[in-house]
Amino acid sequence: MMHFLIAFYFIITPGIAQKEKHAKPNVLIILMDDMGYGDPECYNGFSYHTPQINKLAAEGMRFTHFYAAQATCSASRAALLTGCYSNRVGISGAMMPWSNLALNPTEETIASMLKKAGYHTGMVGKWHLGAKAPYLPIHYGFDEYLGLPYSNDMWPVDYDGKPITDTTDKKYRYPKLPLLEGDQPVRYIQTLQDQ
């Protein structure tokens, strides 16, 4: 079974009805952590059956060349959202939940640009560019957000799904993992089943 986190997924729909002759196209960007280029069937993957991704690829525009600015969570997201090298916007590596660093709120993002053009914007999944308000997606051009503020493995739970009680374990210091709607927690991810 393929286990991967759909880490960064946002949907942007036009504010104008699609039935109009010159309606704006829908824009959907999917960024997945830990998924190889060749994993989905539409890119000649053979180990996993990916019918929904295949359908998106068949009915939309499919890109065959993409380079990430860095091969880490926060940096690759910063580059994708801003169109700038992640180091230029001050993001490198992967931010920790307690990090005081965040994407600068003055950076223009693809979401804020599309919103100015009349699109309704939303994001679902892992943000990883700031763990608290005002450094969450709804403050960067997204009308809606449902997701995790950082990686789903940054929580005080061991790989067997049991809470970590050993105070010498480095994961012990991680905070509870919140599921956010907008910039408010709606629940906390407590178990592997919750994941």
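Which residue meets R187 in a salt bridge? In this predicted model, for which local features require a pLDDT of at least 70, side-chain atom pairs count only at pLDDT 80 or more, and totals for chains, interfaces and linings use all residues, the side chain of D194 meets that of R187, with an N to O distance of 3.0 Å. Residues are numbered from 1 along each chain as its sequence is written, and side-chain values use heavy atoms, with hydrogens and water left out.

The protein chain contains three helices and six strands, where helices (H or I, at least four residues) and strands (E, at least two) are DSSP runs numbered from the N terminus. Read from the N terminus on, these elements follow the order β-β-α-α-α-β-β-β-β. Of the 195 residues in the protein chain, 38% are buried; the term denotes under 20% relative accessible area, as against over 50% for exposed and values in between for partly exposed (1.4 Å probe, protein chains only). The protein chain exposes about 12,000 Å², of which carbon and sulfur atoms supply 55%; accessible areas come from the Shrake-Rupley method with a 1.4 Å probe, and for residues only the protein chains shown count as cover. Among contacts in the protein chain with a separation of 6 or more, 49% are made by residues 24 or more positions apart, a contact being defined by heavy atoms within 4.5 Å.

Salt bridges were assigned where a side-chain nitrogen of Lys or Arg lies within 4 Å of a carboxyl oxygen of Asp or Glu, and the count by this rule comes to four. In the pair formed by D194 and R187, D194 is partly exposed at 27% relative accessibility, and R187 is partly exposed at 39%. A further salt bridge joins E107 to R88, with the closest N and O atoms 3.3 Å apart. Both residues lie in the loop between helix 2 (73–82) and helix 3 (110–116), so the pair ties together parts that are 19 residues apart in sequence. E107 is buried, with a relative accessible area of 17%, whereas R88 is exposed at 53%. K115 and D143 also form a salt bridge, their closest N and O atoms being 2.8 Å apart. This pair links distant parts of the chain, 28 residues apart, with K115 in helix 3 and D143 in the loop between strand 3 (119–126) and strand 4. K115 is partly exposed at 38% relative accessible area, and D143 is partly exposed at 28%.

The loop between strand 4 and strand 5 includes K171. K171 is buried yet has no salt bridge, the nearest side chain of opposite charge being that of D158, 5.6 Å away; Lys and Arg count as positive and Asp and Glu as negative, while His and the chain ends are not counted. The side chain of K171 instead reaches the backbone oxygen of V157 at 3.0 Å, and a polar atom of the K171 side chain lies 3.4 Å from the backbone oxygen of D153. With residues up to four places away in sequence not counted, K171 touches D153, W155, P156, V157, Y159 and I164.

S151 is likewise found in the loop between strand 4 (144–148) and strand 5 (177–181). S151 counts as buried because its relative accessibility is 7%. The side chains of S151 and K126 are joined by a polar contact of 3.0 Å, that is, a pair of N or O atoms within 3.5 Å; within protein, one must be able to donate a hydrogen and the other to accept it, and residues adjacent in sequence count only if both atoms are side-chain atoms. Leaving aside neighbours within four places in sequence, S151 is in contact with C73, K126, H128 and L177.
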